[in-house]
Amino acid sequence: MPSENLRWKTLEGLKNSPKGQVTFDPYWSERGEHILAGCKETLSLSSHSAVILEQIDSKSLHKSSFLDSSSADSEESPASVSCSASTADLNGKLTTLSSAPSLKDQQKDILGLLPKLNVLQAVSDETRYESPEADISEVSSPSPPPAISLLSPKAMEMAGRIIRFEEDQREKAKMALRERQAKQEKLVESVASDKLEHLKRFEELRELKQRQEFQSIRDMMDRETKEIMGRHEKLKEEQRHRIKIQNLRLRELEQQRLREVEQEKQRQAEGRERLRSLNSIQEEILQINQLLELSGQTGSDLPAASLASYSSRGNQLCSQVSEVVRKTAEGEFPSLEDMTVAERALCDMRLAIRQMEEEAARVREKKKNEQEQEEERRKQEAVQAQQEAQKKAEQAAKEKAQKKGLQNSAEESTMKWYKELQDSAARCTQSFEQLSTPKDPQTKKLKLELQKAATIPVSQISTNSGSQLREIFDKIDKLLSGRAVVSGGKSVSASQHPQGLEFVGCKLAEKFVKQGEEEVASHHEAAFPIAVVASGIWELHPQVGDLILAHLHKKCPYAVPHYPPMKDGTAVEEYQKILGYRVDDSGVEGQDSFLKRMSGMIRLYAAVIQLRWPYGTKQGAVSHGLNHGWRWLAQMLNMEPLADITATLLFDFLEVCGNALMKQYQGQFWKLILLLKDEYFPRIEAVTSSGQMGSVIRLKQFLETSLQSRQISPPKGQLSSTFWRS
């Protein structure tokens, strides 16, 4: 059919029209444009519109012209176009066109109306595209049919189909647009959710990286901390190792120092032992040489030439030993070579005296054989003459002794004073008999504490305690005053027992004397610090001083001076105890030990009488001062000397107290010393055997040196001038 063919041509024309060439731009919303912005081209008729109009038959056009505008039930296509109030002029022209009889006029009118229809259609389309909701409302409520029919039925049908097609396409476009909008919204939501998830993953990744970085930093810090701690521990270990090595070195140095000190002590001990041996050798050589000289002086049986040779040999050997001793006087100890020289000299001296004795024995034997008959003849005469001479000698000795005033015992006043002191000491001992032999444990404990408090401070006095003497003195003074003192970490007082003061005083006196017997005997310099404390206690507590004297006289009766005689019925051991010897189960002590103890006690006594406590408050003369030292020395020279003892005690006393007596008595003292050397010393030599000449030689050298220089040196180890009595 021609109309069917025209449809396709119409569609082809619509396809080639500007609307048919509209393209969809997916980015219109991003640019803020309308979706149909590209359709707003200039409206124009298609090039095929004339052909279409020419092919429309006049019959169809005629039929359409006679359509009544008032008929309400005329057949209309659902696709007819209705005009609004704004298209009133167009409807009027169409009515006029429909009344024209000619086809060409109709075509010309249609061609003149088509641009306006196209413009209206475009405006309508734009309106629809701009407001889809209006289009939908327009479709749902069709406009009232036009008053007249514009085209033929086929044309109207075609136009209606076109309109429906356009509406369908518009609906499809709307649906597609809605679907696209929905898809776009979903896409946007999906993209937003993806982006949100990506953002979450990014945040999680960033947090993970931060945690990893933090963990790595913390691990690094932990590693650094561990390394630092490791280095610190290593340094500490190295430090401990160095300290350990240093301690080992210090210990080794200390051990080496101790070894050196021990070696030095051993060397000093060996040196002192060699010095003592050297002194003994010198003493023996001097004694032997003296025997040689005495043999020559007493008219030996030997010829003068032999005696001269032996004497020169003895002097030569004495010179050798003196040369060795002179080295030791400079502060050096004798060496082994020196001891070898001295021992060789001693052997030569012994050999010389032995040879002299053998030669003298041969001479005497020869003379004995020659004088045997003469001796028998003169025997009776010699015995008688000897008896007479002995009687005369005894008488002369008695007369001489009475003339010079020598005695065998102390004066009566001295002995009375001695007995009073001993009786006072005995009464003091009896007064605390209950405390000395306690029965209950409490009293026994108090006795031990008081005894420690009394004896320990005295034991602490030594040559190195000069700065501590006042503290020791104060402690002893407090104890004797009945005040509390600390001993062994405990507080003790003599007033805790009625007999405590007597007990403490007696124990103190015993301890002072024992210090002289032991400490001073071993170290002569210790006499002065002990004596100054004892002197201070003596001034403040005179009863303690009397006890010190009593115990000193009991231990050393020569300090009186007193030579106790042996009474009838007295055992030998008991008499030796009275003389001052120590007697125990092993027997009587040796003479050297006895003389050493006596020397220590005499030195302590000589120091006490010349020292005074400098911090005391008492003024004036002391109760037991240098006057007692002068009395003791004078009485010693008025008594017959005893072998070994007299020489030893005189030397010790003068060495300690001689300087103080010299300053106090001056010229009288030198007269006494001269008397001692010229008259009393020969008596000492007369009663001294050859084996006891050591002390005699020391006393002789001391007297000669003092008289030559008219000076006695201060004692070794004396205290400062503050302590000396005025």
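## Stop 1: a loop residue and a chain end

Select Gln666, which sits in the loop between H22 and helix H23 (667-687). Keep in mind throughout that this is a predicted model. Check the backbone of Gln666: phi is positive, about 50 degrees, although the residue is not a glycine. Is Gln666 buried or exposed? Its relative accessibility is 52%, so Gln666 counts as exposed, the cut-off being over 50%.

Now go to Arg710, in the segment after helix H24 (693-709). Here too phi is positive in a residue other than glycine, with a value near 50 degrees. Arg710 has a relative accessible area of 47%, so it is partly exposed.

## Stop 2: the largest nonpolar core

Select Leu450, Val533, Tyr558, Leu650 and Phe653. The largest nonpolar core has 98 residues, and Leu450, Val533, Tyr558, Leu650 and Phe653 touch the most other members. Which helix gives the most to this core? Colour helix H22 (residues 645-665): it supplies 12 residues.

Stay on Leu650 and show its surroundings. Setting aside neighbours within four places in sequence, Leu650 is in contact with Trp632, Leu633, Met636, Leu676, Tyr680, Ile684 and Leu699.

Another core lies apart from the largest one. It has 20 residues, among them Tyr310, Ala345, Met349 and Ile353. As background, nonpolar side chains tend to be buried together in soluble globular proteins.

## Stop 3: aromatic rings

Next, look at rings. The structure holds nine aromatic pairs. One of them joins Tyr581 and Phe594, and this pair is stacked. The ring centres are 3.8 Å apart, with 10 degrees between the planes.

Where do the two partners lie? Tyr581 is in the loop between helix H19 (572-579) and strand E3 (583-584), while Phe594 is in helix H20 (residues 591-608). The pair therefore ties together parts that are 13 residues apart in sequence.

Tyr581 has 16% relative accessibility and counts as buried. Phe594 has 0% and also counts as buried. Both values fall below the cut-off, because buried means under 20% relative accessible area.

Pro561 lies in the loop between helix H18 (542-555) and H19.

## Stop 4: salt bridges

Switch to charged side chains. The count comes to 20 salt bridges.

Begin on helix H7 (residues 153-297) with Glu237 and Arg240. Their side chains meet in a salt bridge, 2.6 Å from N to O. The two residues are three apart in H7, about one turn of the helix. Glu237 is partly exposed at 45% relative accessibility, and Arg240 is partly exposed at 41%.

Move along H7 to Glu273 and Arg276. This salt bridge has an N to O distance of 2.5 Å. Glu273 is partly exposed, with a relative accessible area of 43%. Arg276 counts as partly exposed too, at 47%.

Then pick Asp477 and Arg483. They form a salt bridge whose closest N and O atoms are 3.7 Å apart.

## Stop 5: a nonpolar surface patch

Last, select Trp8, Leu11, Leu14 and Phe165. Together they make a nonpolar surface patch of about 420 Å². Which helix contributes the largest share? Helix H1 (residues 2-16) does, with three residues. Leu11 lies in H1. Its relative accessible area is 38%, so Leu11 is partly exposed.

Notes
Residues numbered from 1 in each chain as written. Predicted model: local features only at pLDDT ≥ 70, side-chain atom pairs only at ≥ 80, totals over all residues. Heavy atoms only, no water. Patch = residues over 30% accessible without salt bridge, like charges linked within 9 Å, V, L, I, M, F, W, Y side chains within 5 Å. Areas by Shrake-Rupley, 256 points an atom, 1.4 Å probe, with all protein chains shown as cover. Salt bridge = Lys/Arg side-chain N within 4 Å of Asp/Glu carboxyl O. Helix = DSSP H or I, 4+ residues; strand = E, 2+ residues; numbered from the N terminus. Buried < 20%, exposed > 50% of the residue type's maximum accessible area, 1.4 Å probe, protein only. Phe/Tyr/Trp six-rings, centres within 6.5 Å; stacked < 30°, edge-to-face > 60°. Core = buried A, V, L, I, M, F, W, Y, C linked by side-chain atoms within 4.5 Å. Contact = heavy atoms within 4.5 Å.
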